[in-house]
Amino acid sequence: MPRTHVIGAGLAGLSTAVSLLAQKHAVVLHEASGRAGGRCRSFADAKLGCTIDNGNHLLLSGNKSTSRYLSRVGAVNALIGPERACFPFFDVVSGRRWMLRPNAGIVPWWILQPGRRTPDASVWSHLSALALMLAGPGRTVADCVGSRGVLFERFWEPLAVAALNMPATEGAAQLLRPVLRETFAKGEAACRPLIAARGLSHAFVDPALAWLRAQGAELQFKRRLTRIELSNGRAQALHFGERRVRLGADDRVVLAVPPQAAAGLLPELTAPLQSSPIVNVHFRLAQPAEVPEQLPFLGLIGGTAQWLFVRGDVASVTISAAADLVHESAAVLAKRTWRDVAAALADNPENLPPHRVVKEKRATFVQTPDQARLRPGAASAFANVFLAGDWTATGLPATIESAIRSGELAARAIVRQARRPR
Ligand SMILES: Cc1cc2nc3c(=O)[nH]c(=O)nc-3n(C[C@H](O)[C@H](O)[C@H](O)COP(=O)(O)OP(=O)(O)OC[C@H]3O[C@@H](n4cnc5c(N)ncnc54)[C@H](O)[C@@H]3O)c2cc1C
């Protein structure tokens, strides 16, 4: 039986494998490291004495590919969130708190209600969303919505930084548009915030591995693909160090690895190779924190970090678009971000709790209009080699939803090719 070799067990590789197996295609999954999950994983932290995620991940209920993936592997209940869409914010400088509450249905009347929209922002300023929805390929978010004013500071900039891992003045408008189209523009039911209740691996990785094993997939860890033998427009064999795996006439390969790794394996691949970092700081609190309205996350305005997530006695902050801060020492980052956390949770700013700083230098590709143009589709220049990953041309920003959708797209291209007569 022909097999597809999926290289990389991040969410794109797992999604490719799950989508292929759901259609009865045989899969071998090869992962360079000793565990799956890639940039979306949990690990036991000895210093904090608990399991933490490499970074906080926020999803929205309109993330359709993610829902499909989780239902397929039986993990749909692993994400939790409020029953109605709401986004709490806290201004760390003024101490002001507010909540965005989008309404049901596609007519966004929530922007007419001062208690539901961004405070001090006029109704008219919200019309800037229309400019974003019509944005052409070369434009940044700020080119469309402006780069000043209350709505920019309290809504557009936090949204761009969260979704694109870039400031609004640099991030590609075309990548933010689908986020609005697939979530906020569909009403509150599509933009309910979701987080992994018991960690990223528990939600996205462990159930997928169990499902893949049960379906007969072959899973290989510590198997780094080092070279692909290419000739006659096809991949002929895969090299994992000393080990050579010859490919049959109907075998296929999916490179679900980061863009830098894919470019090293496939000559002349065009890909967005510049990276943007994210820093997370996890604090083990003396006792479980009280969070406003029982919501496990809070947007932070005016501080070092942009988001605070609280799970029991662990408070974690995210600094996205962290190019200017990633080189600071862990001690400096912990001290600076603890000030924000202490203010938000009414804790003591002088009493720095045990903490862990996780720096992901290659968290996402640099999502500017220029780099976004370099994203390749699922097909490659070689007939039996396909591409997946959050950085491929899914139309979405580099997120979990993009990684999972890229796997669906790669699997679809393979199934289509397999059905075609030779
Ligand atoms: C700190 C942080 C916070 C984030 N926050 C959010 C968020 O709030 N919401 C959201 O939706 N997204 C978020 N993201 C983005 C999300 O995590 C990624 O988009 C997604 O995990 C990418 O998955 P991937 O499979 O495309 O790539 P990866 O996870 O990078 O997977 C690639 C895999 O390939 C393996 N590999 C590499 N080279 C080889 C080789 N030669 N042979 C075999 N295997 C190889 C790697 O070990 C890895 O396991 C965040 C990312 C980070 C880092």
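## Domains and their contact

The chain is divided into domain 1 (3-34 + 221-273 + 368-419), domain 2 (43-81 + 194-199 + 275-365) and domain 3 (103-190), with bounds that come from an automatic or database domain assignment. This is a predicted model, in which local features need pLDDT of at least 70 and side-chain atom pairs count only at pLDDT 80 or more, while totals for chains, interfaces and linings use all residues. Residues are numbered from 1 along each chain as its sequence is written.

The C-alpha centres of domain 1 and domain 2 lie 30 Å apart, and 15 residues of domain 1 are in contact with 11 residues of domain 2, contact being defined by C-beta atoms, placed from the backbone, within 7 Å. On the domain 1 side, α1 and α11 are the elements that give two or more residues; helices here are DSSP runs of H or I with at least four residues and strands are runs of E with at least two, numbered from the N terminus. Helix α11 gives the most to this side, with five residues.

## Helix α1

Helix α1 (residues 11-22) has 12 residues and reaches 16 Å from its first C-alpha to its last, close to the expected 16 Å, a span calculated as 1.5 Å times one less than the number of residues. Because 11 of its 12 residues are buried, α1 is largely enclosed by the rest of the structure; a residue is buried if 20 or more other C-beta atoms lie within 10 Å of its own, exposed if 12 or fewer, and partly exposed in between, with C-beta atoms placed from the backbone. The cover over these buried residues includes β1 (3-7), β2 (26-30), α2 (64-72), α7 (200-214), β14 (252-255) and α11 (400-419). Just after α1, K24 takes a positive phi of about 65°.

Leaving aside residues up to four places away in sequence, L255 touches I7, A262, L265, L266, V385 and L387.

## Ligand shell

The ligand is surrounded by 37 residues, the closest being G8, G10, G38, G55 and T399, where a residue is near if its C-beta atom, placed from the backbone, lies within 6 Å. Domain 1 and domain 2 each supply at least three residues of this shell, and α1, β15 (275-284), β19 (355-365) and α11 each supply at least two.

Note on methods
Contact = placed C-beta atoms within 7 Å.
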